[in-house]
Amino acid sequence: MTAVKLEAIVCHEPDESELTHFSDNASKNVVFQLLDQKSSERRWLSERFLRWRRRYLPVDGDNRRDHGSVKQSGPLVSGAAYCVSSCSMIILNKIVLSSYNFNAGISLMLYQNLISCLVVAVLDISGVVSVEKFNWKLIRVWMPVNVIFVGMLVSGMYSLKYINVAMVTILKNATNIITAIGEVYMFRKRQNNKVWAAMFMMIISAISGGITDLTFDAVGYTWQLANCFLTASYSLTLRRVMDKAKQSTKSGSLNEVSMVLLNNLLSLPFGIILVILLGEWRYVISTDVTKDAMFWVVATASGFLGLAISFTSMWFLHQTGPTTYSLVGSLNKVPISLAGLVLFNVPLSLPNLFSILFGLFAGVVFARAKMS
């Protein structure tokens, strides 16, 4: 009995239906557990993704407030960058030419333009910017603009050598007058009475500023007058040449970065010729200031700032528009003038200060009149 019972116990096999029932219940439980686990993981991942998306991709209605704040801060940041680079460029050029007593303005221009070309070339190679491929037809079309561009830079350098920064910014108002007159004769563009009234105010401020300028220098004022004519000629000529230049390219377009590179690249041969003809190369080699490491730091920084003005002005113009750009350009003269008076300890009289402030006010009125 004992053996039979033991054999029965050992040899007994469960029924097939029992196995099936056990197997089905166990597998279902495992499957349900896995599904629950995966669904909870999906919910967790989706919640994490939504939180990340709302934080870093503010394009839908969930985060429109943040997206709007980014749009509103764009013009402010670009405008501030343009103002800082413009002010710094004029101040640094004044430091190089006057504080270091560097008497080679063309050489400084050549160095700055070389830096601009190198930086744009590096950015183009790295894919940060896109530059149009140049050809001889485009170069021939652009050559008159470049000649005026070089003259504008050279005359600006020499005017800063002899005139204080505040008076340079006021005398630059004459550029607006010449440009407005040129628009009437070249483009048949009529100016309203507010524009002519503002120009009359700028003429008065320039004349009174020159008369009351305690540091008056006839050579410097002559250079600045030439700079005003060349700057106005540059802007007027550029308008006519731009469309023709675009037709001379293979793509039929010419972006602002390409124009910056084209101007600076074509100016290098002119700068080299002028440095050789005027004998500046002898001065640069022999002068002690070129042995000062800090001088090269300031000169190099001015070259980077020259390129920064081009980029920030394009950025600001893209963020706002020509009218806001012109108004900010006029307002930008205020900190430049005040900084020039403070940094360089310019001898100043009350009538001259009034002329400077009146000229700054006239520049703002002119910009507002052009906007209307």
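This is a predicted model: local features need pLDDT of at least 70, side-chain atom pairs count only at pLDDT 80 or more; totals for chains, interfaces and linings use all residues.
Colleague: How do you know how confident the predictor is in the chain?

Modeller: Look at the pLDDT, which runs from 0 to 100. The chain has a mean of 76. A value of 70 or more is reached by 76% of the residues.

Colleague: Which stretches have pLDDT under 50?

Modeller: Residues 1-24 form one such stretch. For residues 1-24 the model has two contacts beyond four places in sequence. Residues 52-70 also stay under 50. That stretch has eight contacts beyond four places in sequence.

Colleague: How much of the chain counts as buried?

Modeller: Of the 372 residues, 39% do. The cut-off is a relative accessible area under 20%.

Colleague: Give me a case. Why is Trp142 called buried?

Modeller: Its relative accessible area is 0%. Buried means under 20%.

Colleague: Where does Trp142 sit, and what does it touch?

Modeller: Trp142 lies in helix H5. Leaving out neighbours within four places in sequence, its contacts are Leu238, Val241, Ala245, Leu254, Met259, Leu262, Asn263 and Leu266. In space, its C-alpha is 9.9 Å from that of Thr237. Along the sequence, Trp142 and Thr237 are 95 residues apart.

Colleague: What share of the contacts joins residues 24 or more positions apart?

Modeller: The share is 86%, counted over contacts with a separation of 6 or more.

Colleague: And why is Ser355 called buried?

Modeller: Ser355 has 4% relative accessibility. The limit is 20%, and 4% is under it, so Ser355 is buried. Ser355 belongs to helix H15, residues 350-371. Beyond four places in sequence, Ser355 touches Ser205, Ser208, Gly209 and Thr212.

Colleague: Now the other end of the scale. What makes Lys133 exposed?

Modeller: Exposed means over 50%. Lys133 has 69% relative accessibility, so it counts as exposed. Lys133 lies in the loop between H4 and H5. Its C-alpha is 7.6 Å from that of Thr249, and the two are 116 residues apart along the chain.

Colleague: On to salt bridges. How many are there, and which residues form one?

Modeller: The structure has one. Asp288 and Lys291 form a salt bridge.

Colleague: How do you know that the Asp288 and Lys291 pair is a salt bridge?

Modeller: Their closest N and O atoms are 3.9 Å apart. The cut-off is within 4 Å. The distance of 3.9 Å meets it, so the pair counts.

Colleague: Are Asp288 and Lys291 buried or exposed?

Modeller: Asp288 has 58% relative accessible area. Lys291 has 63%. Exposed means over 50%, so Asp288 and Lys291 are exposed.

Colleague: What makes H5 and H10 roughly perpendicular?

Modeller: Their axes cross at roughly 65° and come within 9 Å. Roughly perpendicular covers 65 to 115, so H5 and H10 get that label. H5 passes H10 in a right-handed crossing. Trp142 of H5 is one of the residues making the contact, and those from H10 include Met259 and Leu262.

Colleague: How do H4 and H10 cross?

Modeller: H10 is residues 256-277. The axes of H4 and H10 come within 8 Å and cross at roughly 145°. This crossing is left-handed. Among the residues that meet are Ile106, Ser107 and Met109 in H4, and Val257, Leu261 and Asn264 in H10.

Conventions. Residues are numbered from 1 along each chain as its sequence is written. Side-chain values use heavy atoms; hydrogens and water are left out. Contact means heavy atoms within 4.5 Å. A salt bridge is a side-chain nitrogen of Lys or Arg within 4 Å of a carboxyl oxygen of Asp or Glu. Buried means under 20% relative accessible area, exposed over 50%, partly exposed in between (1.4 Å probe, protein chains only). Axes are lines fitted to C-alpha atoms, for helices over the stretch in contact, and angles run from 0 to 180 degrees between N-to-C directions. Helices (H or I, at least four residues) and strands (E, at least two) are DSSP runs, numbered from the N terminus. A crossing is left-handed if the near helix is turned anticlockwise from the far one by less than a right angle, and right-handed if clockwise. Angles under 35 degrees count as roughly parallel, over 145 as roughly antiparallel, 65 to 115 as roughly perpendicular and the rest as oblique.
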